[in-house]
Amino acid sequence: MDRICKLWINGQEVAVDPERKLIDILRRDLRLKSVKDGCSEGACGTCTVIIDGKATKACVQKAGRLEGKHIVTVEGLSPREKDVFVYAFGEVGAVQCGFCIPGMVMCGKALIDVNPTPTRLDITAAIRNNICRCTGYKKIIDGIALAAELLRDDKPIPVVGGYRGVGEHCQRVNVKTKVLGTGKYTDDLDDVDLPGMCYGSAIRSAYPRAVVKAIHTEKAKALPGVVCVLTAEDIPGSVKVGHLKVDWDTLIPVGTTTHYLGDAIVMVAAETPEILAEAKKLVDIEYEELPPLTCAAEALAEGAPLVHPSAGTNILAHEHLIRGDADAVIAASKYKVTHHFETPWTEHAFLELECAVAMPFDDGVFIYSSDQGIYDTRRETALMLGLPEEKVVVENCFVGGGFGGKEDVTVQHLAALVAYVSKRICKVKLTRQESILIHPKRHQFSMDLTTACDEQGKLTAMKLVAVTDNGAYASLGGPVLQRACTHAAGPYNY
Ligand code: FES
Ligand code: FES
């Protein structure tokens, strides 16, 4: 680095490259892992630190703008402050997945430092730029209010008992590590924990539906620092994996068709994230673009192309649930109302991005993951690598939220592929854009619903015809449709 700038981080003077992002200096260089990376683009607040007294997002700050400034992370809190925030957040139940919590703590600390008696409105304003997807905000506000009270009045911290009995209030066991940011999420594993770790990322389809005509990897392979460039041909076992149905291509083979923009086509791994980004640009993929299917109506239209030709149909599942003769009862009912309803697909927006670290282990692979189902990850990875399941070991780190959106493999099998083929430890982490692009969403539904009742308003019958857009792959779509049918009538007695 030609030019350096100096910052004060948790009381220590640090000389850094002014072009680097603060979050990388904190997480990668100084290993201050309480600073979480939930988006890298200033949207979520998980990276919040205090800069000269102000709660600020570290991912949107370049070091060059911070010359001489004082930066505090959770690691830099005093022992008393740490104890207070751990107790306060634990006592009010403010911690669930924990991924947002260090950022919330820094918002609370910045507020309390200038306003020791904050109102709930003050606290609400202080955390307005920080998202929590698990706990909701009430308990986090409670936690900051309690922390303020303890700090302001210099109150002793009550001793937290262990087990208090069934039905009794107790603090969750991992509050301390989540509040202080010392608990390990997969992305917190670095090349100090795992020396020799490389970084992997997939090149995704440029079109929602296109034939992959050719893949040119030579230039990327020749770039110094590139560990491997893999295509479907390098997969030792089944190219396709899947949670309930084996229909999801790990990498789209040449000569076949992509199913959506999230499809991985080439897997690249390199010594550093910077080389990885360069190498991905050097891979050239030739496509023949085809018209996409963008909704269920298009997919059901006569003559529509098949999303998965081997399935022979675009209908993944059909549920027909009957109880009584709804048509006859509706016809005989005094009142009836029919409406068409549409619900949108919904992104889960868990704050921790999908991340896996895999390494060669006992002729197979060991995977650190942030999974909702490690046994499925094991089964699908073994299928893809052509290994018996016992050769794949999956261990979960903390999971920074999932809400059903982390049920399919996304990064786990790709990290395992690099580890198995190149014999290197490999981390694969999605960007927020990739995460939103790739994982299935809560399903979109189109529903025609008729409800009938008698003269007294007593419900007599309901009839629902629903079509759901399941997206490109089966995932958990079958059971979701079944549930939609069984739950449609709600808790009412017809
Ligand atoms: S706001 Fe910085 S990681 Fe999301
Ligand atoms: S506890 Fe806030 S995002 Fe999970």
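Begin by colouring the chain of this predicted model by its assigned domains: domain 1 covers 5-75, domain 2 covers 77-183, and domain 3 is made of 317-346 + 441-487. Between the centres of domain 2 and domain 3, taken over C-alpha atoms, the separation is 43 Å.

**The five-stranded sheet**

Next, display the strands S1 to S5. They form an open sheet with mixed pairing, in the order S2-S1-S5-S3-S4. At its edges are strand S2 (12-16) and strand S4 (54-57), each of which pairs on one side only. From one strand to the next, the twist averages 40°.

Select residues 48-51 and residues 70-72 within this sheet. These are strands S3 and S5, which run antiparallel and are joined by two bridges.

**The nonpolar cores**

Turn next to Val-266 and Val-283. In the largest nonpolar core, which has 62 residues, these two touch the most other members. Strand S11 (residues 264-270) supplies the largest share of this core, with seven residues.

Keep Val-266 selected and show its surroundings. Residues up to four places away in sequence aside, its contacts include Ile-203, Ile-215, Val-229, Leu-230, Leu-251, Val-283 and Ile-285. Ser-201, Ala-202 and Thr-231 are also touched by Val-266.

Another core, of 39 residues, lies apart from the largest one. To find it, select Phe-89, Cys-100, Ile-112 and Ala-147, which are among its members.

**Strand S14 and its partners**

Select residues 355-361 for strand S14, which is mostly covered: five of its seven residues are buried. Strand S17 (residues 426-429) is joined to S14 by four bridges, and S15 is joined to S14 by six.

Follow S14 into its hairpin with S15, where two residues lie between the strands. In this hairpin Asp-362 takes a positive phi near 50°.

**Ser-370**

Ser-370 counts as buried because its relative accessible area is 4%, below the 20% cut-off. Its side chain makes a polar contact with the side chain of Glu-352, at 3.5 Å. Neighbours within four places in sequence aside, Ser-370 is also in contact with residues including Thr-186, Leu-353, Cys-355, Asn-396, Phe-398, Val-399 and Lys-406.

**Two loop residues with positive phi**

Ser-40 lies in the loop between helix H1 (22-29) and S3. Its phi is near 60°, a positive value in a residue other than glycine. With a relative accessible area of 30%, Ser-40 is partly exposed.

Lys-423 is located in the loop between helix H12 (412-422) and S17. Although not a glycine, Lys-423 has a positive phi of about 60°. Its relative accessible area is 53%, so Lys-423 is classed as exposed.

Notes. Residues are numbered from 1 along each chain as its sequence is written. Chains are lettered from A and ligands numbered from 1 in the order in which they are written. This is a predicted model: local features need pLDDT of at least 70, side-chain atom pairs count only at pLDDT 80 or more; totals for chains, interfaces and linings use all residues. Side-chain values use heavy atoms; hydrogens and water are left out. Two strands pair if DSSP finds at least two bridges between them. Axes are lines fitted to C-alpha atoms, for helices over the stretch in contact, and angles run from 0 to 180 degrees between N-to-C directions. Domain bounds come from an automatic or database domain assignment. A nonpolar core is a set of buried Ala, Val, Leu, Ile, Met, Phe, Trp, Tyr and Cys residues joined through side-chain atoms within 4.5 Å. Buried means under 20% relative accessible area, exposed over 50%, partly exposed in between (1.4 Å probe, protein chains only). Contact means heavy atoms within 4.5 Å. A polar contact is a pair of N or O atoms within 3.5 Å; within protein, one must be able to donate a hydrogen and the other to accept it, and residues adjacent in sequence count only if both atoms are side-chain atoms.
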